[in-house]
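Dear colleague,

Please find the structure below, handed over for your records. My notes on its side-chain contacts come after it.

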Amino acid sequence: MSAFIITRIHVGDYERWRRLYDQDVPRAREKATAQRIFRMVDDPNHVFVQLEFATTEDAEEARRRLVESRVLDRFDDVHGPSVLVDADA
């Protein structure tokens, strides 16, 4: 069963954040099978990141790496990373 990580972040400066995100220093996306980034229409610096993984274990490992790296600590407005599964699967 696939698992997902969803994180909501107000990044302040999307272009700057995106460059850092693409580097994936904590290697949180290393085992991701898909990823999507959404931006709010009325505030493009407010992003939602969705990562998909083949297993819950892979998603939990990615979440652990992300949290332990503390890369999200620089943002005041963050929700997640949350590991989820499809309720209809």
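The following paragraphs describe aromatic contacts and then salt bridges.

This is a predicted model, in which local features need pLDDT of at least 70 and side-chain atom pairs count only at pLDDT 80 or more, while totals for chains, interfaces and linings use all residues. Residues are numbered from 1 along each chain as its sequence is written, and side-chain values use heavy atoms, with hydrogens and water left out.

There are two aromatic pairs (ring centres of Phe, Tyr or Trp, the latter by its six-membered ring, within 6.5 Å; planes under 30 degrees apart are stacked, over 60 edge-to-face, the rest tilted). One of them, Tyr 14 with Trp 17, is tilted, at 5.6 Å centre to centre and 45° between the planes. Tyr 14, Trp 17 and Tyr 21 make up one aromatic cluster. The charged end of Arg 39 sits over the ring of Tyr 14, 3.6 Å from its centre, and that of Arg 29 over the ring of Tyr 21, at 4.0 Å (NZ of Lys or CZ of Arg within 6 Å of the ring centre and within 35 degrees of the ring normal).

The structure also holds nine salt bridges (a side-chain nitrogen of Lys or Arg within 4 Å of a carboxyl oxygen of Asp or Glu). Among them, Arg 27 pairs with Glu 30, the closest N and O atoms being 2.8 Å apart, and Arg 65 with Glu 61 at 2.7 Å. Shared partners join Arg 27, Glu 30, Lys 31, Asp 58, Glu 61 and Arg 65 into one salt-bridge network.

Yours sincerely
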